[in-house]
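We will go from stop to stop, with something to select at each.

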Amino acid sequence: MSRDYYIAGNWKMHKTRSEAAELAKALVTQLKDGKHKYLVAPTFTAIETVAAIVKGTNIRLGAQNCAAEEQGAHTGEVSVLQLKDLGVQTVILGHSERRHVYKEDDALINKKVKLALQHGFEVILCVGELLAEREAGKAEAVCETQTVKGLEGVSAADLSRVVIAYEPVWAIGTGKTATPEDADAIHAYVRKVIGKLYGADAAAKIIIQYGGSVKADNAAQLMAKENIDGALVGGAALKADTFVPIAKFG
Ligand code: PEP
């Protein structure tokens with residue numbers, strides 16, 4: 001089955017509104033003839049600015065996180081209702097920085113996944129092992145647990161709005177990329193896990209992005225692999241010069 005490639009840029013905690021606007025405008029111009037599916041996920045404070053620029057273009061608008069509750073006494077959190085109000089279409093959840101720096105566990109991530117899906121968002125659920133877990137031969141098991149627990153209670157219908165991003169933690173922001181073969185092996189395994197949970201058709205359809213030091217010079221080799229359907233890009237997403245060649249690979 002052929003799946004569409006999906007290239008997403010996670011801008012993390014970078015850029016003021018004017019810097020974000022400058023990048024978004026450059027991407028709108030340079031990706032307007034791009035063949036793949038695209039997304040940018042600005043920091044919360046720049047979402048409204050970027051929303052006005054990407055509206056009506058082929059670039060989707062993402063957020064990097066959301067609260068697990070719709071509203072209430074949750075100081076410092078941002079809710080799905082507020083994201084919807086800004087025109088956000090996709091929420092990235094379970095990013096390794098959320099898991100390992102901010103100690104979000106699978107149960108919390110699952111709550112967010114379900115809430116975001118319930119509110120009509122597309123969800124990019126990130127999974128991936130630490131270096132020590134890879135070295136201990138646990139990469140598949142870690143990704144399986146994060147996938148199964150992250151999707152607990154998600155219906156087959158809602159799964160059509162879920163994208164998985166396999167991001168080995170040791171490859172994020174380090175300049176170390178998984179080899180296309182190693183990445184593809186985990187993607188194939190996660191696809192098998194989806195097959196066990198939702199059946200062969202859902203497994204064949206689900207988009208699985210790779211993330212971890214994706215650059216213009218390794219994007220095409222990664223994307224050539226059967227089970228790699230796109231990329232979640234961090235560092236290289238911060239400049240049009242480095243993101244556009246990834247977004248236009250192939
Ligand atoms: C990420 O943070 O999702 C990521 C993949 O970052 P980088 O591309 O910088 O490794």
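A polar contact is a pair of N or O atoms within 3.5 Å; within protein, one must be able to donate a hydrogen and the other to accept it, and residues adjacent in sequence count only if both atoms are side-chain atoms. This is a predicted model, where local features need pLDDT of at least 70 and side-chain atom pairs count only at pLDDT 80 or more, while totals for chains, interfaces and linings use all residues. Residues are numbered from 1 along each chain as its sequence is written, and side-chain values use heavy atoms, with hydrogens and water left out.

**Stop 1: the ligand**

Select the ligand, then Gly 173. A backbone N or O atom of Gly 173 is 2.7 Å from an oxygen atom of the ligand. How much of the ligand does the protein bury? Taken alone, the ligand exposes 290 Å², and the protein buries 97% of that. Such areas come from the Shrake-Rupley method with a 1.4 Å probe; for residues, only the protein chains shown count as cover.

A residue counts as near if one of its heavy atoms lies within 4 Å. There are 14 residues around the ligand, and Lys 12, Glu 167, Gly 173, Ser 213 and Gly 235 come nearest. Colour the shell by class: 4 residues are nonpolar, 8 polar and 2 charged. In this scheme Ala, Val, Leu, Ile, Met, Phe, Trp, Tyr, Cys and Pro are nonpolar, Asp, Glu, Lys and Arg are charged, and the others, Gly among them, are polar.

**Stop 2**

Select Lys 12. This residue is in the loop between S1 and helix H1 (17-30). Helices (H or I, at least four residues) and strands (E, at least two) are DSSP runs, numbered from the N terminus. Phi of Lys 12 is near 50 degrees, a positive value in a residue other than glycine.

Move to Lys 15. The loop between S1 and H1 holds Lys 15 too. Its phi is near 85 degrees, again positive in a residue other than glycine. Is Lys 15 buried or partly exposed? Lys 15 is partly exposed, with a relative accessible area of 23%. The cut-offs are under 20% for buried, over 50% for exposed, and partly exposed in between (1.4 Å probe, protein chains only).

**Stop 3: aromatic rings**

The structure holds 2 aromatic pairs. Select Tyr 5 and Phe 249 for one of them. Their ring centres are 4.9 Å apart and their planes stand at 90 degrees, so the pair is edge-to-face. Rings of Phe, Tyr and Trp (its six-membered ring) pair if their centres lie within 6.5 Å; planes under 30 degrees apart are stacked, over 60 edge-to-face, and the rest tilted.

Which parts of the chain does the pair link? Tyr 5 is in the segment before strand S1 (6-10), and Phe 249 is in the segment after helix H12 (240-247), 244 residues apart. Tyr 5 is partly exposed at 25% relative accessibility. Phe 249 is buried at 10%.

Next, select Tyr 6 with Lys 37. The charged end of Lys 37 sits over the ring of Tyr 6, 4.3 Å from its centre. For this, NZ of Lys or CZ of Arg must be within 6 Å of the ring centre and within 35 degrees of the ring normal.

**Stop 4: a side-chain contact**

Select Asp 106, in helix H5 (residues 106-118). Asp 106 counts as buried at 16% relative accessibility.

**Stop 5: buried and exposed residues**

Go to Gln 146 in helix H7 (residues 139-150). Gln 146 is buried, at 8%. Jump to Asp 229, in the loop between helix H11 (216-223) and strand S8 (230-233). Asp 229 is buried, with a relative accessible area of 3%.

Then try Gln 64, in the loop between strand S3 (59-63) and helix H3 (80-85). At 19%, Gln 64 counts as buried.

Finish at Ala 156, in helix H8 (residues 156-159). Ala 156 counts as exposed, at 56% relative accessibility.
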